[in-house]
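Student: I would like to learn how to read helices and sheets in a model. Can we take one case together?

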Amino acid sequence: PHIEFSPDGREHYFFYIGSSNHIFEFGERVYIRTAGYCDEPGRFALVLTYLLALNEFTYKKNYIRILLCVAGFLTFSAAFFITLVPIIYYWIIHNIINRKAVIISGLLGAVVVFVYLQTVENEIQENISDAFETMVSSRFEIRGDGKFQGDNRSEAMDTQLEAFLHSPILGNLGKGVEFESKHKIWTPTFLSGMAHYGLFSLGFYLPFVLLMMKYRKTSKKWLFIAIGLNFLQRPEIEHMFFLTVLSLIYYIQYFERPEGEELDLELPSSRKSLLSR
């Protein structure tokens, strides 16, 4: 059961426990790209990547890693699969993923595949195969113009560059919209911020750059590489969620030293005297 609505001109589906605007029908079966509480699956995948990185600074819990990865897979977002690579590499460095777990997972996966091939009807297998092709593998195929099938961003970059050159200081928002293809200016690319806000948009990157510099010599740099890849795919750096995540990481750095340094838990004398009172 679901409710259909069109808040922004696109058809959306609300399932009471989440929503999506990408639904695919194969035969009698419907496959949903999960969007959670976001307007589309790609944005939900963006949020999940931030949370995966944030978990490594806060709770560092395996069940959170598993939950977020499962949710990310169900978005069928090509960007999520790409940004997950440096995070997985970080897990390998810290032995979060060990050989025993990989072997057991591989054996369980082989059993599931065997049972699936032996018991599931051929028609259902064909539908699932078509769904995987449409939502995942086909998006990594190369088109005739040399770009990926899943690339729905680069077409807008020429318009965004034109908008920036038209008003490089304040951006297009400072001068008013003077371009017919207004929707292309709002398409998320690494040029969209400069098209919106001009050179002032560079200030939004400052918190990320400062944190990246702090952790550049530690393994946590891989977490910031994942976030940086998200910038290229969907650089919505002015949104509150992104700023909140970076603020939490920035706050945590006062309690967690970079790898190789010991945490000094000794209280300053001023605080000791205050506590003694």
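Tutor: We go from the overall counts to one helix, a sheet and a helix pair.

Tutor: This is a predicted model, where local features need pLDDT of at least 70, side-chain atom pairs count only at pLDDT 80 or more, and totals for chains, interfaces and linings use all residues. Residues are numbered from 1 along each chain as its sequence is written, and side-chain values use heavy atoms, with hydrogens and water left out.

Student: How many helices and strands does the protein chain have?

Tutor: The protein chain has 13 helices and five strands. Helices (H or I, at least four residues) and strands (E, at least two) are DSSP runs, numbered from the N terminus. Of the 277 residues, 37% are buried. Buried means under 20% relative accessible area, exposed over 50%, and partly exposed in between (1.4 Å probe, protein chains only).

Student: Which residues of α2 are buried?

Tutor: The general idea comes from helix geometry. An α-helix has 3.6 residues a turn, so residues three or four places apart point the same way. In α2, the buried residues are Ile64, Arg65, Leu68, Cys69, Ala71, Gly72 and Thr75. They fall within an arc of 165° seen down the axis of α2, so they line one face of the helix. The arc is that of the directions from the helix axis to the C-beta atoms.

Student: What does that buried side pack against?

Tutor: The buried residues of α2 pack against α1 (41-55) and α3 (78-93). Contact means heavy atoms within 4.5 Å. The face turned away carries exposed Tyr63, Ile66 and Leu67. After α2 comes Phe76, with a positive phi near 50°.

Student: In what order do the strands of the open sheet lie?

Tutor: Strands of a sheet pair through backbone hydrogen bonds, either parallel or antiparallel. Here three strands form an open sheet in the order β1-β2-β3, with antiparallel pairing. Two strands pair if DSSP finds at least two bridges between them. β1 (3-5) and β3 (19-20) are the edges, each with a single partner strand, so one side of each has no neighbour in the sheet. Two bridges join β2 (residues 12-14) to β3. Phe14 has Ser19 of β3 as its bridge partner.

Student: At what angle do α3 and α11 pack?

Tutor: Two packed helices are described by the angle between their axes and the distance between the axes. α3 and α11 (residues 221-233) pack at about 175°, with axes 8 Å apart. Axes are lines fitted to C-alpha atoms, for helices over the stretch in contact, and angles run from 0 to 180 degrees between N-to-C directions. That makes α3 roughly antiparallel (over 145 degrees) to α11. Residues making the contact include Ile82 and Tyr90 of α3 and Trp222 and Leu229 of α11.

Methods
Parallel < 35°, antiparallel > 145°, perpendicular 65-115°, else oblique.
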